[in-house]
Amino acid sequence: MRVAMIGTGYVGLVSGACFADFGHTVTCIDKDATKITKLEEGVMPIFEPGLDTLVARNVREERLSFTTQSAKAVGAADAVFIAVGTPSRRGDGHADLSYVYAVAEEIAPLLDGFTVVVTKSTVPVGTGDEIERIIRKVRPDVDVAVVSNPEFLREGAAINDFKRPDRVVVGIEDERARAVMSDLYRPLNLNETPILFTGRRTSELIKYAANAFLAMKITFINEIADLCEVLDADVQQVARGIGLDNRIGSKFLHAGPGYGGSCFPKDTIALVRTAADAGSPIQLIETTVKVNDARKKAMAAKVSTAMGDDLAGKTIGVLGLTFKPNTDDMRDAPSLDIVPALQAMGAKVQAFDPEGHEARQMLPEVDFKANPYEAVEGADLLLILTEWDQFRALDLERVKDLMRAPVVVDLRNIYRPTEMREAGFRYISVGRAAVAAA
C-alpha cells in the first residue's frame with residue numbers, strides 16, 4: 001500500500017520506517033528542510049536503537065523516502081497519517097492541536113480518490129470529528145474516512161513495540177477503512193496480534209486512559225516506596241510480591257524519582273482537562289499529576305539530607321540526565337527539576353549521559369563530562385538519575401578512589417545495598433533502608 005506520513009518526529013519516523021519494513025511504500029513528509037536533508041543523508045534526528053539501520057535498509061530498497069512537498073505523496077496515498085506534535089498548551093494544559101488541524105487543512109485539497117486519513121498523534125476525544133469537519137469544509141466532495149490509530153511506542157524499544165505490539169487499536173466510523181487498516185497491519189497476523197476495532201472516540205480515549213493508568217501505577221509504587229523507608233521495608237520486594245498477582249502485573253512498579261518523558265506528563269494533564277471540561281473530573285489522575293510533580297522536586301531534598309543538609313561548595317557527580325535510558329529525550333525529565341534545585345542549594349554539578357545532548361542547552365550551568373568516571377572524579381556524592389546499562393556495572397573500587405567521599409544516592413535502585421556496603425559506600429536508594437560503609 002502507499003502511505004504518506006506527515007511529521008518525522010519520534011512517532012512519524014519510527015512508524016514510517018516500520019510500515020516500509022512491512023513492505024509498504026512510505027513517504028515521510030516534513031516542513032523542516034534541514035531535517036529532511038539529514039534524513040536523506042542517513043542522519044537521524046532522534047536517538048532510537050536500530051532506527052538508523054532500519055531507515056537505511058528501506059531507503060536502499062526504495063520503500064522509504066523523504067520530502068518537504070506534500071502534494072504528490074498525499075495524492076497517491078491510500079492512507080495519510082498525521083503524526084505531528086500535540087504538546088501541552090501554555091496556560092491551561094490542554095493538548096495543542098494547532099499542528100494537527102493545520103495538516104488537515106493542508107492535505108484536504110490534495111486528496112485524490114478514497115483515502116483513509118489516520119490520526120497517529122495523541123489527541124483528545126473528538127479530535128477526529130474536527131479533522132473530518134475541516135477536511136469536508138475545504139473539500140465537500142472528498143471521499144475520505146478519518147481514523148484514529150494511537151501509538152503505544154516506548155522510547156528505547158519503539159521498533160520492537162511497533163512490530164510486536166500487545167495490540168493495535170483502530171477507531172473507525174466508515175467500514176471501508178477497516179479493510180485499509182487491516183491491510184496495513186497484515187504482517188502482524190503472523191504473530192496473531194490483536195487488532196481492536198472500535199469507534200473513533202473510544203480509540204482516542206484508549207490512548208489517554210492507558211498512559212494515565214501507567215502513570216498512576218508509577219506514582220503508586222513511589223508512594224509505597226516512601227512508606228517503605230519509614231517502616232523499614234523493601235519496596236522492590238513489595239513490588240515483586242504484588243506484581244506476581246496477574247491482576248496487577250510487574251511492569252511499571254519500579255520506584256524512582258517520578259515519571260517524565262514525552263507522553264505521561266502531557267497526556268495525564270490533557271486527560272484531566274478533558275474530563276473537567278466534560279463535567280466528569282478524574283480525581284485519581286489529578287492526584288497523580290500533583291504527587292508526581294511534588295516527587296521530582298522532593299528528590300533534591302533527599303540528596304541534601306544525605307549530605308547533612310549542607311550542599312554549599314559540594315560537588316555532585318550525576319549519572320544520567322534523560323528521562324529514561326536508550327533515548328535522548330529530555331522532555332519533563334526529573335533531572336530538569338532535581339539538578340537546578342541542587343545548584344540553588346550551592347552545589348556544583350558535573351554530569352555524564354550517553355545521549356543527553358539536549359541537556360547541554362537545558363542545563364547550561366552543569367559541567368558535562370566525557371564518561372562516568374570523569375563525572376564522579378572529585379565528587380562529594382554520586383547521584384544516579386537514569387538507569388543506563390553502562391551505569392549498572394561500574395568499577396566500584398575505581399569510583400570510590402575517584403570520589404572525595406564514598407556517598408551514593410541511587411534514585412533508580414540499580415545496585416544492591418549489601419554490594420554497596422561491602423564496596424565501602426554509604427548508599428541511599430529509594431524505598432530501601434540506607435546502608436553505611438562496611
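A charge is taken to sit over a ring if NZ of Lys or CZ of Arg is within 6 Å of the ring centre and within 35 degrees of the ring normal. Arg 398 meets this over the face of Tyr 373, at 3.9 Å from the ring centre, and Arg 167 lies over the face of Phe 152, at 3.7 Å. The model is predicted: local features need pLDDT of at least 70, side-chain atom pairs count only at pLDDT 80 or more, and totals for chains, interfaces and linings use all residues. Residues are numbered from 1 along each chain as its sequence is written, and side-chain values use heavy atoms, with hydrogens and water left out.

Rings of Phe, Tyr and Trp (its six-membered ring) pair if their centres lie within 6.5 Å; planes under 30 degrees apart count as stacked, over 60 as edge-to-face and the rest as tilted. The whole structure holds nine aromatic pairs. Phe 19 and Phe 81 form a tilted one, 5.2 Å centre to centre with 45 degrees between the planes. Phe 19 lies in helix 1 and Phe 81 in strand 4 (residues 79-82), so this pair ties together parts 62 residues apart in sequence; helices (H or I, at least four residues) and strands (E, at least two) are DSSP runs, numbered from the N terminus.
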